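Me: I would like to learn how to read a model like this one. Could you take me through it step by step?

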Amino acid sequence: MSASDLMLLALVVPAVGACLIALCGKAPNLRETVTLATAVALFAVILNLVPTVAAGGRPELFLTEVLPGLELRFVLEPLGMMFACIASGLWILNSIYSIGYMRAKKEQKQTRFYVCFALAIFAAMGVALSGNMFTLFISYEVLTVTTYPLVTHSETPEARRSGRTYLGLLLGSSIGLQLVAIIATWYLTGTLDFRDGGVFAGKVEGPVIGLLLFLYMYGIGKAALMPLHRWLPAAMVAPTPVSALLHAVAVVKAGVFTVLKVIVYLFGTDFLSKSGYGDWLAYIAGASILLASLIAMTKDNLKARLAYSTISQLSYITLAAALFTPLGAVGGAMHIAMHAMGKITLFFCAGAIYVASGKTQISDMKGIGRIMPVTLIAFFIGSLSVIGLPPMGGSWSKYLIALGALDSDQIIFVAVLMISSLLNIAYLLPIVARGFFSPDSEGATTATIKEAPLFCVIPLSLTATGCVVLFFFAEPIYQFLLPIGGG
Amino acid sequence: MISPNLPALQIIVPLLAAPLCVIIRRDALVYWFTAIVAWVTFAVAALLLHEVNANGVIDYQLGGWAPPWGIEYRIDLVNAYVLLIVSAIGALTISYAKPSVDQEIGEERGYLFYTAYLLCLSGLLGVTITGDAFNIFVFLEISSLSSYTLISLGRDRRALTAAYRYLVFGTIGATFFLIGVGLLYQMTGTLNIADLGERVAVIGPNRTITVAFGFMAVGLAVKAALFPVHAWLPNAYAYAPSVATIFLAATATKVSIYILIRTYFTIFKPDFSFFVMSLGEILMVLAVLAMLVGSAIAIFQTDIKRMLAYSSVAQIGYMVLGVGMASVLGVAGGTLHLFNHALMKGALFMVMGCVMYRIGSVKLDNMQGLASRMPWTMAAFVAGGLSLIGVPLTVGFVSKWYLITAALDQELWWVVALIIASSLMAIIYVWRVVETVYLSPLPAGAPTERQEAPLAMLAPMWVMILANFYFGVDTRLSVGVALDAAKFLVGGGS
């Protein structure tokens, strides 16, 4: 089977899976089996594509031409390959986790949940594989629309309000700003293809570059660059599996992935660093990192704290891209993978605690570690990875981004990264410390172990292990991603 | 034998069939008769478009009288395309109509509806096909009078005042148009459009011509419901029977826009219309106002048919905006939107027809939680709504893409910004409905079991919805024709 066929399969499998899941709505066991089978099949397809891309291949898939020159075209390159691997691989674990979580909570309308989940993964695959900005934009919008029913899953007034914020900010920014930028790009350069070195060189100069960059960066609302971050905490009203895979991995990473794509393949890092009209972006991202971390410290709701932590970590990637150096771009790309593994672990743990004990507020979680030791140890490992301490995967990407900042002589951003790490410690580790060492609300210091269902505990143990494994296998990922820096 | 007389058949078939409906009178029979006539009319339009594509402009002399004295039917790419849209909508709508008409109008009065429907169809086709300015007026009146009847057949008593209001506005519009035609006749001694175009250019812009232009521009603006002379439209659409709303919303204003384009570009020529009279600026300002005001009012409507009607006011703004830019890209965008908007509004009003059929109301409050009872209908609303917003892979995206590139081409940044703003407002008014039907609980005491609309209504509705996506991806037909038509018009073609 050729690589293009595999790419087509990567899109078809989740779409067909969604249809099958919808058909199996009456039989929950069959429905969940189909979900898992789809996830495994998709991951297998994606893995089969890796050797081609690693060998320098750039397989293409052309679907149709919507308007003259405006094509639905997919091209696979290392960045997209990595994103596809993360999203499809974690979907397997997340599906197992969903089964445990949704059944334990006896959630309503589970068929709709699984169908929309599969469709969201379909859209994420579209984002990962897209070969031009037009295809990327479409997949991006499909991702927004298909995750809306997941955010509003509970159908409570609060969920509806959050859904409005979610849709309003994401659709609003993408149509109001991103689409304008895309049309302007088309108008100015006559192409929307992703090319090494960008498409603007020689076609655009002066402040227009800055304006375009602004339209793109704020048009990509999923990257949650402040002040367009409000949708992410709002999305936390969704069931935890959604927060874990979509709002820590697929959706938000689709955002920063788009940021990287735009900066590396539409503008070109060289072009931006020479023009000087993009320097503001790094400062906005730096401010976003610190502000979001500070807000995270004030949140008592565990998921809200993790959401602000995500906003902060996403800006790491935007900052890395905004350094406009090859090393920065690679570091940013790597952070997509590293943060995904760490943050999904944290969300899995938050959901497991909620399932087992019904607790959502951090202040209520004193002594929780004695009841749920496995979960809290996993949380500890995930926290270390997000903070960026060895021996966790997260340390490498932070190291690379810091090197990138040094490389471009912007010491201030090294300082930002270090301060942020301290803030991360301040808002993550107390949860663990309190969980293990504080007496609980009745003053007891011992408790019987009562973990969440196995379907929840196994995935979170695996992702926690993944955080450690990534530390030792960072080199192959680094080598794999090097081409996007042009090195 | 048949092939050379296709242009006449296009009109004769529905026009003669209309009185036959009154004679047949029996409910089921009259319906099937109307349906067959509508589909035959569509087939004729498709053949005509094929013919024009293959052999160029068709001249058809009624009764063998040579123009400019006799009446000439003149079919070029522009109106062949409009004929196809109108007759396709006519055929699809009638396929959908039976359950809804039986329920809303009653079986014993059904034949009146079908008679008026066919008359309206032939009027609209006649306006489009003819190459004679006075003949346009005649057909305009046929379509208008029959649409007053269609609207007044509505169940709600307010339909009567809505029809009356439309009658007053429509008559003013048509009369203004006629005054303009009269003045032109006085100056040129001809009524044939192609002939008029040549002679007006020779005479040049004197006062009579200018006044004729003014009368015709205003009269057509009323018929097309261009802001601020749109006031007849919302109530007429809201209170008409569901099927009449579908048909009128998807065709009537489109045909008025078509004559508007003909008048500006073929009779008066772009030079006169857009440079001497600076019509472009006027149209663009009015169009943008229509987009913003129409969308803004739509957000606050509780009756969803009324909401869609105000959205139509906004969408007419898009079409006129394209015309006002007077560039190839702009006119192409405008004509594209004419086609595309027919698809999306036709589909959305079909959804409302299904809702009306099942729950007897289209008020937002009565539609709470409706998605669990009518899943297919409501899924269609979401799909049609996405097209209305202009999401990629739908037709709405294609026309907006052309309008925005046209605006960029002339460096009209404020227009780009306002097109986007109006699209964002569309998100709000579409999503209000989606949120209510999907996320609100069913009202207490309402039946909870599934009550989907009958297949006879669902199938044509989904054909329309899928067309929204098909023509959003495969744009060769629509964009190709629109671009050719625009080049032809902007070049002052006749």
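Predicted model: local features only at pLDDT ≥ 70, side-chain atom pairs only at ≥ 80, totals over all residues.

Me: What does the secondary structure of chain A come to?
Reply: Helices (H or I, at least four residues) and strands (E, at least two) are DSSP runs, numbered from the N terminus. Chain A has 19 helices and two strands.

Me: Why does the radius of gyration of chain A agree with a compact globule?
Reply: The radius is taken over C-alpha atoms, and the globule rule is 2.2 Å times the number of residues to the power 0.38. For 487 residues a compact globule would be near 23 Å, and chain A has 21 Å, so the two agree. The C-alpha trace of chain A spans about 70 × 55 × 45 Å along its principal axes.

Me: Is A:V386 buried or exposed?
Reply: A residue is buried if 20 or more other C-beta atoms lie within 10 Å of its own, exposed if 12 or fewer, and partly exposed in between, with C-beta atoms placed from the backbone. A:V386 counts as buried because it has 28 C-beta neighbours inside 10 Å. This residue sits in helix α15 (residues 373-387) of chain A. Across chain A, 61% of the 487 residues are buried.

Me: How do I describe a helix pair?
Reply: Two packed helices are described by the angle between their axes and the distance between the axes. Here α13 (residues 326-357) and α19 (residues 474-481) of chain A pack at about 130°, with axes 10 Å apart. Axes are lines fitted to C-alpha atoms, for helices over the stretch in contact, and angles run from 0 to 180 degrees between N-to-C directions. Angles under 35 degrees count as roughly parallel, over 145 as roughly antiparallel, 65 to 115 as roughly perpendicular and the rest as oblique; α13(A) and α19(A) are therefore oblique to each other.

Me: Which residues in α13(A) and α19(A) meet?
Reply: Contact means C-beta atoms, placed from the backbone, within 7 Å. A:V330, A:A333, A:M334 and A:A337 in α13(A) meet A:I477, A:Y478 and A:L481 in α19(A).

Me: How many residues does the contact take from chain B and chain A?
Reply: Chain B gives 19 residues and chain A gives 18 residues. On the side of chain B that touches chain A, α17(B) gives the most, with eight residues.

Note on methods:
Residues numbered from 1 in each chain as written. Chains lettered and ligands numbered in written order. Contact = placed C-beta atoms within 7 Å.
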